[in-house]
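Dear colleague,

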Amino acid sequence: MTSPPPPSGHIARNARLGIVLFVVYVIIYAGFVALAAFAPSVMAREIAGVNVAIVYGLALIVLALVLAIVYMLLCRDDADRAEDVAR
Amino acid sequence: MTYHASSIAVAVFVFFVGIVLGISFYLGSRARSAKGYFAAHGQIGWFVNGVAFAGDYLSAASFLGICGMIAFYGYDGFLYSIGYLAGWIVALFVIAEPIKRLGKYTFADALNAKFNSRGIQVAAAISTLVVSVFYLIPQMVGAGALCTPLLGLPHWAGVVIVGVVVLMIVVTAGMVSTTWVQFIKGSLLVIFCAILTVAILARGFRVTADRASIKPVAATQPSDIPFGGQVVSIGNGDNAVGASTGPLGPVQFLQKINDVRVVQWTAKADAAHPGTTLYTPVEKQAREYMLPGGSSTFKGVRSPKLTDKLDFISLMIALFAGTASLPHILIRYYTVKDAVSARKSTVVGIASIGFFYILTLFLGLGAMTSGRLDPTPAGSNMAAPLLAKTFGELPFALISAIAFTTVLGTVSGLIMAASGAVAHDLMENVFKHHPNENAKVGAAKWTALCVGIVAMALGTLFKDFNVTFLVGWAFNVAASANLPALVMLLFWKRTTKSGITAAIWVGMLSSLAWLLLSGPAYVNIYKLDATRAIAPFSQPGLVTIPLGFIVLVIVSLMTREHAKPH
C-alpha cells in the first residue's frame, strides 16, 4: 500500500486535539438527542422561565463555536505549515 | 392567499442580480485556467472563505424551510438548526485539514490520493452528482416558492430565473464568481436576519385578532383563505386587538412566548362541495409548540414505540454526519491556500452559521405570532417573507430578494461540485482523457448547463414538499455514501480501495432506495397510502451510515492482500 508518510509533529498533535474535542461534543449532542427521545418530561422543565429543550439547543450551538475557538487557539501552526510545504 | 407582485421587491432583486452578474462577468474576464475555474486559484482568504461557507451552506432550506417549520410546528424546525450546525463540528475537527492536504479540486481527489484507483473516482464522482442533484431540488423548490409573491410569476418561472442566473454565474468564472456570490449572500443574509430579529424583539408580542371574530371558513378561492399565526392573548388579561407586551429582550421573548395563545388553521377539502376547502381554527398555548414532536416529521419522538423514535434519532445522526459529506461544502476547502486557512475559515463559518441559526429561532417564533401565516401547503416556505411584510413593504422586498440571492449562492456551489465531478473526476481521471485546460473548463461548463437543466425540471416536479424536509433527505444520502469512506481513509490503516468503492456504492444506493420506499415518498410522489411503505421509518441514516462502515471494513479485510502498490 503506497500510503503517505504518517502525520507527525504538529499535524498529529492537532489531529489528536481535534478528536478529543469532537468526542466531547458528540457526547453532549447524544445527550440532547437521548433526552428528546426518551425523557421528554425533562425537556419540558423550565429554567428561569425557558424550557430545557430551548436552553440545551441554544447551548449546543454556542458550544460548537466555543470548542471551535478553543481548537483554533490550541492548534500549533508554524511547523505544520512547513510540513505542508515539505510534502 | 393572494399575492400581489411588489414593485420594490422586483427592483431590489434586479439590483442584487445585476451586482452579482456584474461581478461574475468582471471576474470571468480574468479567470481562465482550470485551477481558477475549479478552485478560484486557491487564493481566497480565510475570512472571505469562511463567510462564503455560510453563503454556500445557508440555503433556501435553512432560511425559508426552518422559519416556516418553526412558525407552524414550533421546536421541530429548531431541531434542524441544531443538527445542521452540529455537523460543522465533524467538518472542523475531523475532515477539514486532511482533506485540504490530500486533494486538489474535488473530494474524490482526496479519497483517491492514496490509491489512484478508477473505481474510487467513479464511485465518488457519481455520489457527488447524486447528492448535488438531490440537494438542488429543494433549492429550486424554494426559488419557485418565492417567485409568486415576489415577482407575481408562477412557480416554474422562479425555477427558470434562478436556473438561468446561476448558469451565467457558473459559466463565466466558475469557483471565483461562485465564491464572491456566496460571500455577498452570506453577509447579506446574516445581517438582514439580525436586523429583522431586532425588529421582532422591539415589537414584542401583540394581540393580532379578536378571538370572537375567528370562525371556520369555507374557502372557494385564494382570497378567502384566512391568515394563520393570529395571537388572541398575550397572557396579561388584556385581549384587545393591538394590546402589546412592548419591547422584549431575547430571553424575555423566549419566556413570554409561553403565555401567548396562537390560532392556526387546519385545512380539509369539503367532500360535499368540490373546489371548496374548509379551514377550522385551532387555538393553542404557544408553550405547547416549544417542545420536540409537534410536526409530522418528528411526531414519532412522542410515541411510546421505539421504532417511531428511531426516525428522529436517525435524522439527528444524518444531519450531524451529513454536513462534512456534502460535496459542495468540501470543494470550498480547495479555494484556500493551506490546511491552516482551511481550519480558520471553518471557524469563521461556524461563527456566522451558528449566529444565523440562533436567529432562526426568533424569526420562526416571530412568524408564528405575526398574524400573517399562509396556511396552504406551499405557505410554510413563505413564513419568513410574510413576517417581514408585517414590518412594511421594504423589509419584505429586501428579505425576499435576499432569499432569492440565497438560492443563487447555494445553487452555484452545487452546480460547481457537479461540474467538477464530471469534468475533473470522470473525464480526466477515469477515462484518462487529458484535454488542455480550455477544453477541460469547457467540459465543466457544459456539465454545469446539463445539471442546471435537470435541476430546473426536478424543481418544478417537487414543488409541494417543505424544502427543509427534502434537504434532510440529501443529508442522509451524503452521510451514507461519503462519510464512511472519508473517516475510515483517515483513521483506519487497513482500508483498501475496494473497501472505499464498495462503501460509497452501498451507502448511496441503500439510502436512496430506503428514501424512495419510505412513507413520505409514497404520499407525496406516488400518491399512495403511507402505511403501505416498505421502509419502517422515513430517515435511513441510522441504518445506512453504519452499513457503509460495515461494508467498508468487511470488503477491506477481504481484499487486503490485493492492495499492493501499483
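Arg287(B) and Glu46(A) are joined by a salt bridge, with the closest N and O atoms 3.1 Å apart; the term stands for a side-chain nitrogen of Lys or Arg within 4 Å of a carboxyl oxygen of Asp or Glu. Between chain B and chain A the count is one salt bridge.

This is a predicted model, in which local features need pLDDT of at least 70 and side-chain atom pairs count only at pLDDT 80 or more, whereas totals for chains, interfaces and linings use all residues. Residues are numbered from 1 along each chain as its sequence is written, chains are lettered from A and ligands numbered from 1 in the order in which they are written, and side-chain values use heavy atoms, with hydrogens and water left out.

The contact (heavy atoms within 4.5 Å) takes 45 residues from chain A and 49 residues from chain B. The two chains bury about 4100 Å² between them, 74% of it given by carbon and sulfur atoms, where buried area is the accessible area (1.4 Å probe) that two parts lose on being put together, summed over both. On the side of chain B, Phe93(B), Arg101(B) and Arg343(B) lose the most area to chain A, together 16% of what that side buries.

Best wishes
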